[in-house]
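Have the viewer open as you read.

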Amino acid sequence: MRVVGLFALVVLGVPAWPAEATDFANRLDPPSGRHLLGTDQLGRDVLARVLGGIRWTVGLGLVAVVASLVVGLVVGLGTGWLDGTRARVVATLVQSVVDLVVALPALLVGLLVAAVLGPGVVPAVIALAVMGWAPFARLAHRLTVAARAEDWVLAARSLGAGPVWILRVHVLPAIAGPVREAFTARFVGAVLTLAGLSFLGLGVQPPTPEWGAMLAEGRTYAFVAPWLVVAPAAAVVLVSGLMSSARRPRRRPWPAAWARPRRSRGSSTRSRG
Amino acid sequence: MTLPVAALALRRLLLVPLVLLAASAVVFGLPRLLGGNVTRSVIRSRSLASAPDPAAEARLAAELGLDRPLRDQYLAWLAGALRGDLGRSFTTRAPVAPQVLGAAGVSATLAVLALAVALAVGLPAGVSAADRPGRVADRAVDRVGSVALAVPEFVIGPALVLVLAVWAGWLPALGWGTADRAVLPVLTLALFPAALAARLVRAETRVALAHPSTVTAVAKGLSRRRVLAVHVLPRSLTAVLAEAGPFLAGTLGGAVVVEVVFDVPGLGRTLAEAIGSRDLPTIQAGVVVVLGVAMLLTLAAELASRALDPRLR
């Protein structure tokens, strides 16, 4: 989660890199002191474009996942909380839609949305969000159903708290851990799908410096200027590797963190031995 | 869910035509309503004229049936689809059904081969990693696995082409139809599921090894290999099976990247090209085929894991 925050900072902090400046005298220059990662077929600095691409590839992925998270949480918390026969029918219907969406391949949905709306940035992000809400909804639904049975929910209810208050103040913090994990995992998926769509020409369009689109453009020049392919590919792999390695929880859940001053030493040596 | 298997299967099977009907209506209607001028993009895909003559545009609209009310167009398409006639391509005017089915066959071959390779590598790696923690297989599943899970297809595909086809010259870089041409696309597709399968099987095998039935099998005097293959492995396949159905379905229509990179005439590439030229009949047919197969495969995977694992019944 901290890494996600870091990426968000970087996305906001790299406002306008001069990624579009062309220099026809120095086309397809190999990496040098002047252009650390060389230049492309229009003489644009590859390093500047890769850095500028953070905004598009990572930034748009982040937008899509945040949108998915919000929709998924609302749906999941809502259907998880509903009780009684009629409400349960609604919840079952919503959950079967969720099951259907989860079963669909992400890239295919991207294709379908591009088929309907035409290729572009907005359709690509819509496709990611259309796909993305379902896993969050499923997870939040299951966690909410489990949390509803807890005594502290009963206590809050008997004090007269309404459903929205209970869900927001009591249930949401309690289910935040797994949701946070899912968020990080889905973020990687969203970034890769977005780059894949752009690679196919269905997402972000050139000359915008998106990594997938850059890779597709650079493929034509792969033999004369391999840095055009290597740089965006390395950027994608670096980001997805960083994100997936950060996936494992570092912090312990609350009670264990409390107990740390007394227990942590003993338990850690025990688990090693 | 404590429904009997047959009832579950029936309910889900009944859902398939309903979803297909709804999906076909959406895929049929939305591009025609929102997608701007379809005739103009079709003309553009056939000729270089940027601003075509209005008379030609009107003629083409009449020829493609685009001048009729939307409802009539859809009902005509639906009536044809029920007889197995999915219309003619806007761009090539060839019948769509045989074209899409042929492409689906290519993609299905690709998907099945990739899954077979992934399981042939992933299952033994996962079992052996769980059996001997900390040894070569275990560390490989950790390290090679995290690389394989992090590198997307559009990076690994071109990289394999560059190394194995261009530099080493061992394999053809592009194409489809012969065994050596299938190697690179299948490898590219198999990498991710192989790593995933190894991880999932390792996790489940760890649990299965600690199960009393394993102790019994060892106590009977069975060989280590036999215990692993006959008693442990079947208990470790729940998660892999659950992922296999969606993988096959996803590869059938969604292996676009691999099909484009390696020039494989599969369904994903056909769909992507049809979207580029706004060839609506091809898009409709492809979507219906992919969705139908995806739903059936997900159901099949669910039934298979229920059959294998008594806890899910």
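Predicted model: local features only at pLDDT ≥ 70, side-chain atom pairs only at ≥ 80, totals over all residues.

Residues are numbered from 1 along each chain as its sequence is written, chains are lettered from A and ligands numbered from 1 in the order in which they are written, and side-chain values use heavy atoms, with hydrogens and water left out.

**Nonpolar cores**

A nonpolar core is a set of buried Ala, Val, Leu, Ile, Met, Phe, Trp, Tyr and Cys residues joined through side-chain atoms within 4.5 Å. Buried means under 20% relative accessible area, exposed over 50%, and partly exposed in between, with a 1.4 Å probe and protein chains only. The largest core has 135 residues, and Leu111(A), Trp211(A), Phe154(B) and Leu184(B) are among those with the most contacts inside it. Helix α7 of chain A (residues 163-199) gives the most to this core, with 16 residues. Helices are DSSP runs (H or I, at least four residues), numbered from the N terminus. Apart from this core lies another, of 11 residues, including Leu123(B) and Val227(B).

Beyond its neighbours within four places in sequence, Leu184(B) has contacts (heavy atoms within 4.5 Å) that include Leu160(B), Leu164(B), Pro172(B) and Phe262(B).

**Aromatic pairs**

Over all chains, the structure holds four aromatic pairs. Rings of Phe, Tyr and Trp (its six-membered ring) pair if their centres lie within 6.5 Å; planes under 30 degrees apart count as stacked, over 60 as edge-to-face and the rest as tilted. Two of the pairs are set out here.

| Pair | Centres apart | Planes | Class |
|---|---|---|---|
| Phe199(A) and Phe154(B) | 5.5 Å | 20 degrees | stacked |
| Phe28(B) and Trp77(B) | 5.9 Å | 45 degrees | tilted |

Phe199(A) lies in helix α7 of chain A and Phe154(B) in helix α7 of chain B, so their pair joins two chains. Both Phe199(A) and Phe154(B) are buried. Phe28(B) is buried too, with a relative accessible area of 3%, and Trp77(B) counts as buried at 10%. Ring pairs also link Phe28(B), Tyr74(B) and Trp77(B) into a cluster.

**Helix packing**

In chain B, helix α5 (residues 96-131) and helix α8 (residues 179-209) pack at about 35 degrees, with their axes 6 Å apart. Axes are lines fitted to C-alpha atoms over the stretch in contact, and angles run from 0 to 180 degrees between N-to-C directions.
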